Each structure stands twice: as structure tokens, then as C-alpha cells.
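Please keep the sequence and the model at hand while reading.

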Amino acid sequence: MTPPTRRDDGSSRRVLMLLVLAAVAVMAVDASGDDSPVDVARSTVGDVIGPVQSGFAAVAGPIDSIAQRFTDAGELRADLEALEAENARLRTELQTAGIVRARGEARDVMALRAQQSGFELVGAEVVAFGPAQSFSRTVTIDAGTVDGVQADMTVLSADGLVGRVVRADRSIATVLLVVDSASVVGGRLDRDLELGLARGDGELSDDARLHLTTLDPTTTPEVGDSVLSWGSNGGIPYVAGVPIGWVESVQTNPRDQTATAVVVPYVDFSALDLVSVVVGAAASSDAAQATGAKDGH
Amino acid sequence: MPALRTAVTVVLVVLAVSLQVGLLSYVSVGGVVPDLVLLVVVGVALVHGPRHAAVLGLLAGLVLDLAPPADHTAGRWALSLVIVGYLSGMVRGEARTGAVAAVAAVAASVFVGASVFGLSGLVVGDPGVSVPRVLEVLPMQVLLDVAVAVVVLPVVFKLSRAPQPADRWARA
């Protein structure tokens with residue numbers, strides 16, 4: 001290995017310039033629009049990497065959970081008891097309180113129930129997490145277009161709302177978690193049906209919180225309120241009535257008279273495993289939901 | 001020889017990307033995953049010099065940008081790894097003088113790479129990127145990558161210098 005000569009240096013610098021320009025060009029193309037050639041490349045790479053990730057998940061998943069069981073069994077048991085108690089409380093609350101009680105009519109109750117069970121779900125497993133140093137909270141799930149998963153579908157777990165599909169490849173899909181800073185979810189407070197927008201803070205693990213601002217600035221959420229998903233037009237990207245989280249604290253801003261609620265998500269995003277993608281919702285219950293929402297407000 | 005060299009580096013990068021986005025998300029520390037691909041680029045730079053490593057950096061970075069579940073603007077890792085490859089290739093003479101110098105070179109490379117990746121996110125306006133958040137992740141990233149480099153770099157050296165008999169680095 002001889003030390004680089006001056007001439008070598010000069011041409012290396014030119015190569016560097018070219019490569020930097022190439023990278024910047026890719027960034028410009030990708031940032032410019034939705035239908036960029038980069039998306040084609042993304043799905044090609046996704047098709048190749050997807051099976052690799054699923055394979056690693058199959059190997060690492062059990063080892064991972066065994067390791068967790070050994071390291072903090074006591075803590076987990078305490079967590080489990082607390083969660084079970086909370087789960088029972090929330091289930092009763094969900095069935096009796098909030099939207100259902102407030103609407104009060106049997107038709108609405110049935111519509112809601114039909115809608116809650118009328119989702120056509122596709123089960124999937126989380127096979128890879130985006131690293132913290134990428135600053136976006138995304139995961140890969142092992143269901144793709146062959147399973148009927150498309151972009152902008154709702155992803156939920158047994159605990160509540162997880163996020164939405166941002167890109168579906170053949171055998172895998174990328175899910176943007178609701179705690180990502182780019183995520184905005186319409187939320188409905190179960191106590192008074194007020195609507196708000198819940199934004200993620202991009203935080204990790206157990207510190208992850210959503211910040212909910214109500215659309216009507218005169219209403220103030222109360223600590224302990226449940227937040228359910230409001231639902232988008234046609235259930236895309238979010239279907240209605242999925243539990244998101246509970247209000248932990250409320251910060252009022254005296255200047256513009258608005259209140260922001262800090263919402264603790266029901267889902268533990270650092271321990272995501274089995275999730276479901278809503279690939280179809282019953283059309284009739286959608287209509288019922290739409291009219292119900294209209295005459296409710 | 002160049003064909004062999006290219007083949008070896010391609011295999012290394014494919015392996016590194018698969019491990020980084022597949023297996024290593026299970027061994028993250030505080031959510032931070034070792035930047036295996038960056039370490040491979042640094043390793044190749046220390047063996048083959050800046051030009052080779054910068055080209056490799058662009059290609060490896062692009063794959064890393066496109067591999068799911070990445071959702072940032074594509075090209076950010078590519079830009080970062082081009083610069084990392086070039087810079088670590090430029091200091092390869094100094095980095096070879098001893099273990100401390102090598103560790104310093106790796107730490108500096110990770111620092112530069114992560115900073116370029118983070119700052120480019122600020123420039124193109126990717127959500128979630130902020131200076132405090134970059135600074136929050138950076139120390140763990142440097143520590144973790146240096147620790148992993150102790151294992152990974154000798155492997156990279158060995159594989160990329162396989163045609164040559166003298167192998168100081170495999171023992172380092």
C-alpha cells in the first residue's frame with residue numbers, strides 16, 4: 001500500500017463530488033413526489049429483504065422472549081397483574097360507557113358492535129423495528145399484498161390502535177406507528193364524544209405519548225378519559241372505534257385558550273408482536289356509523 | 001483482482017444489510033441498533049482507500065435507505081456513507097498506527113455518519129428529526145458501534161484482504 005499521490009487525491013475528490021451529487025439527487029427525487037421511481041426501488045428491495053427479516057424473526061423471536069422472561073420475570077408478573085386489572089376495568093368501561101351509552105339507542109349499539117366485529121382482519125407478526133437512530137417509528141410486518149394488505153390500512157393489536165400501513169410490498173408491509181412524529185390520528189373522547197387530533201411525539205418505548213388537541217377549544221379533556229379512533233372516510237387510513245389510549249394529564253395554554261391532553265397509548269410499542277390489519281370493513285356498518293355520527297352531532 | 005474485490009465487498013454489504021435490518025433489531029440497546037453497514041464501509045475504506053469506499057458507501061447507503069421498515073427520504077444514508085467512506089479512507093494511514101488510533105477513527109466515522117444522516121433529515125424536513133434527538137441517540141450509537149467494530153472490523157479486513165498474505169489487522 002503506497003500512500004496516495006497528489007494526482008490520486010485530486011481524482012478521488014472528483015469521485016467524492018460525483019457520489020455526493022448522486023446521493024443528493026436521489027434525495028431530491030424521493031422528496032419531490034409520491035410516485036417517484038424510488039418507490040419502485042423500495043418495493044424491489046422490500047421483496048428481497050422481507051423474507052430475510054421474516055426468517056430472522058422466526059429465529060430471534062423465541063430467543064428474545066425467553067431472554068425477557070428470565071431477565072425480569074418479577075417485573076413482568078407485576079406488570080401483568082396491573083395490566084389485567086386495567087384491562088378488565090377498561091373492557092367494562094368500553095362496553096358500558098362512552099360512545100355506546102351516550103348514543104343510547106339500540107340501533108347504534110348494534111351498529112357499533114357489528115362494526116367492531118365486522119372488520120375483516122389479516123393477522124401478522126412484527127418482524128423488524130426501525131432503529132432509534134432513524135428517528136421514524138416504523139415496523140415491518142410479515143403480511144403483504146399477497147395477503148390483501150394495501151397502503152393506508154389500519155393496523156391494530158389486542159390492546160388498541162397500532163398505526164397504519166404506509167407501504168405494502170409482496171410479502172411484507174411497513175407500518176407507521178401512531179407514536180411517530182409524522183402520525184396524526186383523529187380521536188374521540190369516550191366521555192363527551194368530543195373530537196380531537198392525536199399526534200405522536202416520536203418517543204421510544206414506555207415514554208411514548210400522544211398529544212391530543214380537541215377541535216372544539218372550549219372543551220377540556222379530563223384525566224382518565226379514554227380516546228377512541230374517530231375513523232376516516234371509508235375507514236382509510238383509520239377505522240372508527242378502536243381504543244387509542246387514556247388521558248394522563250391535560251395542559252392548558254392560557255394564551256390561545258386551548259387544551260392539550262397527553263394520551264398514554266394502550267399499546268406497548270416496544271413490545272409489539274401480533275397485530276391485525278383491517279383489510280375490509282362491512283359496508284353497511286360504515287354507513288350506520290356515518291349516519292350515527294351525523295345525527296349525534 | 002478487482003472483480004474478486006468487488007464480489008467480496010458486495011457479499012459483505014448484502015450480509016451487513018440483512019443482519020442490520022433483520023437480526024440486529026432484536027439486540028438493540030435503548031432502541032439503537034449497531035450500524036453494521038457503516039462499519040463495513042469503514043473497514044473497506046481502511047483497506048482499499050477512499051475512492052473504493054465512497055462508491056461502496058453510495059451503493060450500501062442506498063440499499064439501507066430502501067430496506068424496510070425505513071421510511072425516511074431515500075439518499076440520506078447514501079450521502080452519509082459516501083462521506084464516511086471518503087473520510088475514513090483518507091485517514092487510513094493514521095488509523096493503522098495502532099489500536100487506539102483505529103478505535104478513534106471508527107468513533108469519528110460513526111459520529112460523522114450519524115451527524116450527516118441526522119442533519120440531512122433536518123434539511124429535507126423528515127419528521128421526527130431534531131438536533132436534541134440526534135444528540136440523545138448519538139453517544140449510545142458511537143459506543144455501541146465501537147464495541148461492535150472490535151468484532152466486525154477484523155472480519156471485514158480478513159475478507160477484503162484475502163488475496164494478500166500479510167494480515168496485520170486480523171490480529172488487532
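## Overview

Across all chains of this predicted model, a search of the whole structure finds eight salt bridges. Side chains of opposite charge can pair when their charged atoms come close. Some of these pairs are described below.

## A pair between two helices

In chain A, Asp30(A) and Arg42(A) form a salt bridge through their side chains, with a distance of 3.0 Å from N to O. Asp30(A) belongs to helix α1 (residues 6-32) and Arg42(A) to helix α2 (residues 37-71), so the pair ties together parts that are 12 residues apart in sequence.

Asp30(A) has a relative accessible area of 11% and is buried, and Arg42(A), with a relative accessible area of 3%, is buried as well.

## A pair between a strand and a loop

The side chains of Arg164(A) and Asp152(A) also meet in a salt bridge, here at 3.6 Å from N to O. Arg164(A) lies in strand β4 (residues 161-168), while Asp152(A) lies in the loop between β2 (138-141) and β3 (154-156), and the two are 12 residues apart. Asp152(A) is partly exposed, its relative accessible area being 32%.

## A pair between loops, and a network

Arg191(A) and Glu222(A) are joined by a salt bridge of 3.8 Å, N to O. This pair links distant parts of the chain, with Arg191(A) in the loop between β6 (184-189) and β7 (195-200) and Glu222(A) in the loop between β8 (210-214) and β9 (226-229), 31 residues apart.

Arg191(A) is partly exposed at 37% relative accessibility, and Glu222(A) is partly exposed at 44%. Both residues belong to a network of salt bridges that also includes Asp192(A) and Asp225(A).

Technical notes: Residues are numbered from 1 along each chain as its sequence is written. Chains are lettered from A and ligands numbered from 1 in the order in which they are written. This is a predicted model: local features need pLDDT of at least 70, side-chain atom pairs count only at pLDDT 80 or more; totals for chains, interfaces and linings use all residues. Side-chain values use heavy atoms; hydrogens and water are left out. A salt bridge is a side-chain nitrogen of Lys or Arg within 4 Å of a carboxyl oxygen of Asp or Glu. Helices (H or I, at least four residues) and strands (E, at least two) are DSSP runs, numbered from the N terminus. Buried means under 20% relative accessible area, exposed over 50%, partly exposed in between (1.4 Å probe, protein chains only).
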